[in-house]
Amino acid sequence: MNQNCFENDGSMTEMRPSVRGLLAENARLRKLCADAKELASRHELALREGDHRIKNSLQIVASLMGMQERRETNPSARAALHAATARIQAVSRMHDALQLEGSADVVKLGAMIETMCASLHAMAGDPLRVKVVVNAEPVESPIAIAQPVVLAVNELVINALRHAFPENTGGTITVTLHRVDGELRVTVADDGAGLPPGYDTNNGFGMKLVRMMASKIGATLNIENTGGARFTLIAPGA
């Protein structure tokens with residue numbers, strides 16, 4: 001800043017250059033702030049538009065896979081396509097939530113899990129035979145934590161729908177979400193046939209994905225096999 005801005009011999013005449021300099025500097029800073037806000041607004045708009053396009057693309061892919069699933073006659077292939085479609089839809093919901101929230105940092109995890117479980121239940125083929133009950137607190141979570149948790153819960157619910165109630169038996173799958181002492185506790189439990197022998201060493205792709213998601217966020221996965229299967233994911237809350 002010009003040294004004249006600070007000169008003052010006590011007269012109002014000598015103060016005027018200083019005031020003009022301060023006003024000019026103030027105007028310059030205001031313009032910088034306005035430019036920064038405009039840039040941030042454009043950046044946020046671009047992120048939301050990106051999430052919107054990704055969501056739409058994922059939905060198209062999920063629809064195409066769903067069409068292929070309905071045409072497939074091999075049961076194993078149909079099951080694989082069904083699971084893959086559900087995974088794509090889970091990621092699509094994440095981008096949808098980011099778009100609705102208008103934030104790239106935090107999402108409503110409880111509401112997201114409720115919506116996902118309702119969708120998986122509707123896709124089950126016979127939703128009246130198996131109930132899916134969700135007890136989720138209105139927990140918000142950073143996207144870096146929420147995304148692996150959602151994908152893990154997605155896999156656990158799919159596995160329960162596919163394997164917990166064989167031979168047209170029925171039952172209930174219960175999904176709970178709580179924040180306890182700053183940690184997220186997510187439980188997927190069923191009252192079905194329970195886990196088969198060797199489940200802890202002979203995991204399929206779904207359980208490998210669950211363990212991968214838990215490891216990604218430093219979460220603990222506890223598995224119980226009494227009166228049905230019970231999986232509890234304990235993850236950092238922030």
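Colleague: What makes the crossing in which α3 passes α4 right-handed or left-handed?

Modeller: In this predicted model, α3 passes α4 in a right-handed crossing. A crossing is right-handed if the near helix is turned clockwise from the far one by less than a right angle, and left-handed if anticlockwise. Helices are DSSP runs (H or I, at least four residues) and strands likewise (E, at least two), numbered from the N terminus.

Colleague: Why are α3 and α4 called roughly parallel?

Modeller: α3 (residues 109-123) and α4 pack at an angle of about 25 degrees, their axes 10 Å apart. Axes are lines fitted to C-alpha atoms, for helices over the stretch in contact, and angles run from 0 to 180 degrees between N-to-C directions. Angles under 35 degrees count as roughly parallel, over 145 as roughly antiparallel, 65 to 115 as roughly perpendicular and the rest as oblique. α3 and α4 are therefore roughly parallel. Their contact (heavy atoms within 4.5 Å) includes Met 112 and Met 116 of α3 and Val 153 and Val 157 of α4.

Colleague: What makes α4 and α5 roughly antiparallel?

Modeller: Their angle is about 155 degrees, with axes 9 Å apart; α4 and α5 are therefore roughly antiparallel. Among the residues in contact are Leu 156 and Asn 159 of α4 and Met 207 and Val 210 of α5. By class, this contact has 8 nonpolar, 2 polar and 2 charged residues (Ala, Val, Leu, Ile, Met, Phe, Trp, Tyr, Cys and Pro count as nonpolar, Asp, Glu, Lys and Arg as charged, the others, Gly among them, as polar).

Colleague: Which residues are closest to the centre of the largest pocket?

Modeller: The largest pocket holds about 510 Å³ of space. Of its 25 lining residues, Asn 159, His 163, Leu 195, Pro 196 and Met 207 are the closest to its centre. A pocket is an open set of points on a 1 Å grid where a 1.4 Å probe fits, with protein on both sides within 12 Å along at least five of seven lines; lining residues have an atom within 4 Å of a point. α4 gives the largest share of the lining, 7 residues.

Technical notes. Residues numbered from 1 in each chain as written. Predicted model: local features only at pLDDT ≥ 70, side-chain atom pairs only at ≥ 80, totals over all residues. Heavy atoms only, no water. Points joined across faces, edges and corners; volume = space filled by probe spheres on them.
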